[in-house]
Amino acid sequence: MAGHRDRVRPAMAGTPRAGGGALLVRPGGYVAWAGGSGLEEALTSWSGPAARGRRRAGTVR
């Protein structure tokens, strides 16, 4: 998920039971990924390729 952090915001949700799992939820509420393998593919499909080597605004090399 590191290459998508400029477009994806992680959040924690309380659940009444342990092991609630992980989800990738689109802004409209659509579940794009639900645990297991394939997170990077889902992130790329929904938010574009991972950023590689980009600098944050205001950083100096």
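**Surface, pocket, salt bridge**

Modeller: Start with valine 31. Valine 31 has a relative accessible area of 41%, so it counts as partly exposed. Bear in mind that this is a predicted model.

Colleague: Which strand does valine 31 lie in?

Modeller: Strand β2, which covers residues 31–34.

Colleague: And which residues make the nonpolar surface patch?

Modeller: Leu23, Val25 and Val31. The patch comes to about 260 Å².

Colleague: Which element gives the largest share of the lining?

Modeller: That is α1, with four residues. Both α1 (39–47) and β1 (23–25) supply at least two residues each.

Colleague: How do the lining residues divide into nonpolar, polar and charged?

Modeller: There are 15 nonpolar residues, four polar and three charged.

Colleague: New topic. How many salt bridges does the count come to?

Modeller: One, with a side-chain nitrogen within 4 Å of a carboxyl oxygen as the cut-off.

Colleague: Which side chains meet in the salt bridge?

Modeller: Aspartate 6 and arginine 7. The N to O distance is 3.0 Å.

Colleague: Why does arginine 7 count as partly exposed?

Modeller: Because its relative accessibility is 34%. Partly exposed runs between the buried limit, under 20%, and the exposed limit, over 50%.

Terms used: Residues numbered from 1 in each chain as written. Predicted model: local features only at pLDDT ≥ 70, side-chain atom pairs only at ≥ 80, totals over all residues. Heavy atoms only, no water. Patch = residues over 30% accessible without salt bridge, like charges linked within 9 Å, V, L, I, M, F, W, Y side chains within 5 Å. Areas by Shrake-Rupley, 256 points an atom, 1.4 Å probe, with all protein chains shown as cover. Buried < 20%, exposed > 50% of the residue type's maximum accessible area, 1.4 Å probe, protein only. Nonpolar A, V, L, I, M, F, W, Y, C, P; charged D, E, K, R; others polar.
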